[in-house]
Structures are given as C-alpha cells and as structure tokens.
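Biologist: Please take me through this model. I want each label backed by its cut-off.

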Amino acid sequence: MNTGTVTLVGAGPGDPELLTIKALRLLGEADVIVYDRLVGDGILDLARRDADRFYVGKARSNHSVPQAQIHDLLVEQARLGKRVVRLKGGDPFVFGRGGEEVEALRAAGIEVHITPGITAALGCAASSGVPLTHRDHAQSVTFITGHSKDGDHSNPLMLDWSALSAAHHTLVVYMGVATAKEIAGKLTRHGRDPETPVLIVENGTRPDEVRTVATLATLEHTVAERASKAPALLIIGEVVSLYRTDVAAYLETFA
Ligand SMILES: C[S@@+](CC[C@H](N)C(=O)[O-])C[C@H]1O[C@@H](n2cnc3c(N)ncnc32)[C@H](O)[C@@H]1O
C-alpha cells in the first residue's frame with residue numbers, strides 16, 4: 001500500500017465560516033482527522049462523515065496528549081495509506097506547534113502539506129472591530145506568546161521588551177492570561193504608558209465571545225476578576241482606543 005499524506009490544516013479561531021475553501025475540501029476528503037481542543041464547534045460537522053477522528057486536545061484532567069504521541073499517531077495513520085488531516089485551531093504555524101509536527105513527519109519520510117488558517121489575532125481584531133495597525137495609532141504589530149516552552153509561567157518571555165514597549169506599536173499576546181501581570185509589568189518598566197489600553201478577547205469569533213477593556217495598570221485586576229478559562233487573546237496598544245461597543249455590536253449583526 002502507498003504511504004498516505006498528512007496535511008496540517010488551520011481551522012481558524014472558531015467560527016466555521018472562517019475556514020478556507022481549501023480547508024473545507026480537505027475535510028471532505030480526509031480518511032482520518034486528528035484535532036485538538038481549539039477547533040471550533042461545528043467545524044467537524046463539515047468533515048467527511050465516515051472519517052476516523054482522533055481527539056488529541058486537553059482532557060478533563062487538563063493534560064494534553066504528549067506531542068511525541070501526536071507525532072506517532074500521524075506517522076502511523078499515514079503509513080496505513082490514509083489521507084490524514086491534522087486540524088489545528090487558528091493557523092498551524094502561529095503558536096501551533098505545526099513546525100514540530102512537520103519536522104517529525106519529514107523525519108519519518110511522510111509527505112506533508114500545510115493549509116493556513118486565520119490566526120486568532122486576525123479573527124479577534126475583526127470580530128471586535130479593532131484594527132491591529134492604523135496610520136494614526138500603530139505602525140507595527142507583534143504576536144507573542146505569554147507561555148514559555150516548558151510552561152513555566154514564572155519566567156515568561158525572553159523577549160526584547162524595550163522594542164515591544166515602544167509607543168504606537170500593537171502587541172498581541174497569545175496564551176497571555178496567566179502571565180498578564182508580568183507582561184504589563186515588563187511593558188511599563190520599559191516605558192510603556194500604564195494607561196495604554198488593552199482589549200481582552202475570550203472565545204473570539206464564537207457565539208460566546210466576550211470582550212473586556214483594561215489598561216496596563218488595571219490588567220492584573222481585570223484578568224483576575226474575569227477568572228475565565230476560555231482561550232483569550234490580549235490586544236495591547238493605542239489601537240484599542242478605537243474599540244467601540246456600539247460598532248462591535250453593529251458588526252455582529254452581519255455574523
Ligand atoms: C496554542 S495557541 C494556538 C494559536 C493558533 N494556532 C492560532 O493561530 O490562533 C492557543 C492560544 O491562541 C489564542 N486563541 C485561540 N483561539 C482563540 C479565540 N477563538 N479567541 C481568543 N483567543 C484564541 C489563545 O491565546 C489561546 O490560548
């Protein structure tokens with residue numbers, strides 16, 4: 001039997017209508033779908049009915065399937081000659097460990113393809129009506145993770161905080177709720193105005209999306225008050241001053 005293929009497919013931030021047409025086609029053709037927790041409700045309903053499905057996200061115990069086990073599963077299924085779709089939230093190459101999966105598959109001699117998805121930053125910007133760049137407010141944007149590789153929240157982010165603290169720069173933080181206090185502290189210590197606005201977007205593009213406005217000075221308190229376990233993104237910068245609840249509500253009427 002011929003060896004199958006694995007395609008890493010970005011599922012977008014949640015709303016099934018944000019899938020690409022290519023992702024939709026691949027879901028319709030897949031023999032096997034390996035998916036994780038951040039794949040939005042309704043997306044798997046669009047997949048081939050008789051595809052084998054493997055969930056590799058966090059279980060109730062809050063433990064993820066180890067990455068090496070995911071690699072083994074992908075290799076095993078491809079070696080059975082299957083067309084495997086590895087479905088990942090957002091984009092596979094933005095804080096999605098897609099790079100590691102590609103390396104493991106190539107090392108095993110498996111043909112691998114990548115189909116991009118809309119990353120959470122872009123989904124949340126659109127759903128909240130906050131542009132990430134704007135001629136008057138931000139000339140650059142950086143995506144960072146608040147989560148270090150070993151998951152140690154006490155030591156986040158060996159980053160160039162001076163550069164990230166420049167005014168008129170938008171910072172989008174993935175997995176940054178647990179380290180929000182440290183992030184706000186680093187930015188203000190490096191000169192960012194404590195009154196810089198922050199938009200916290202939970203469950204962006206999903207029916208249960210929640211947005212909360214804070215400032216760097218109030219971020220720790222606001223995050224603690226929300227106490228939410230939902231996937232959330234922090235958008236930090238002058239662009240957040242453009243957030244208007246009435247406009248966002250208006251955008252939602254087209255959702
Ligand atoms: C492991 S990263 C995966 C990112 C994904 N590959 C992407 O491109 O969006 C998971 C983090 O992405 C962010 N995220 C993913 N989906 C989100 C959503 N619908 N709303 C807000 N944040 C989201 C959260 O910060 C979450 O903790």
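What follows is a short exchange on the terms and the values behind them.

Modeller: This is a predicted model, where local features need pLDDT of at least 70, side-chain atom pairs count only at pLDDT 80 or more, and totals for chains, interfaces and linings use all residues. Residues are numbered from 1 along each chain as its sequence is written, and side-chain values use heavy atoms, with hydrogens and water left out.

Biologist: How many helices and strands are there in the protein?

Modeller: Eight helices and ten strands. They are DSSP runs, numbered from the N terminus: helices are H or I with at least four residues, strands E with at least two.

Biologist: Why is the protein called as compact as a globular protein of its length?

Modeller: The radius of gyration, taken over C-alpha atoms, is set against the globule rule, 2.2 Å times the number of residues to the power 0.38. For 255 residues the rule gives 18 Å, and the protein has 19 Å, which is close, so the label holds. The C-alpha trace spans about 60 × 40 × 35 Å along its principal axes.

Biologist: What makes T115 buried?

Modeller: Buried means under 20% relative accessible area, exposed over 50%, partly exposed in between, with a 1.4 Å probe and protein chains only. T115 has 3% relative accessibility, so T115 counts as buried. T115 is found in strand β5, residues 111-115. Of the 255 residues of the protein, 47% count as buried.

Biologist: Which residues is T115 in contact with, leaving aside neighbours within four places in sequence?

Modeller: Contact means heavy atoms within 4.5 Å. The partners include T7, L8, V9, G10, K22 and P92.

Biologist: What makes a set of residues a nonpolar core?

Modeller: The members are buried Ala, Val, Leu, Ile, Met, Phe, Trp, Tyr and Cys residues, joined through side-chain atoms within 4.5 Å. The largest such core has 18 residues, and L187, L219, L234 and I236 touch the most other members. Helix α6 gives the largest share, four residues. Leaving aside neighbours within four places in sequence, I236 is in contact with residues including L171, V173, I183, L187 and V198.

Biologist: Which residues of helix α4 are buried, and what covers them?

Modeller: In α4, residues 120-128, the buried ones are A121, G123, C124, A125, S127 and S128. Their cover includes strands β6, β7, β8, β9 and β10, and helix α8. G129 follows α4, with a positive phi near 75 degrees.
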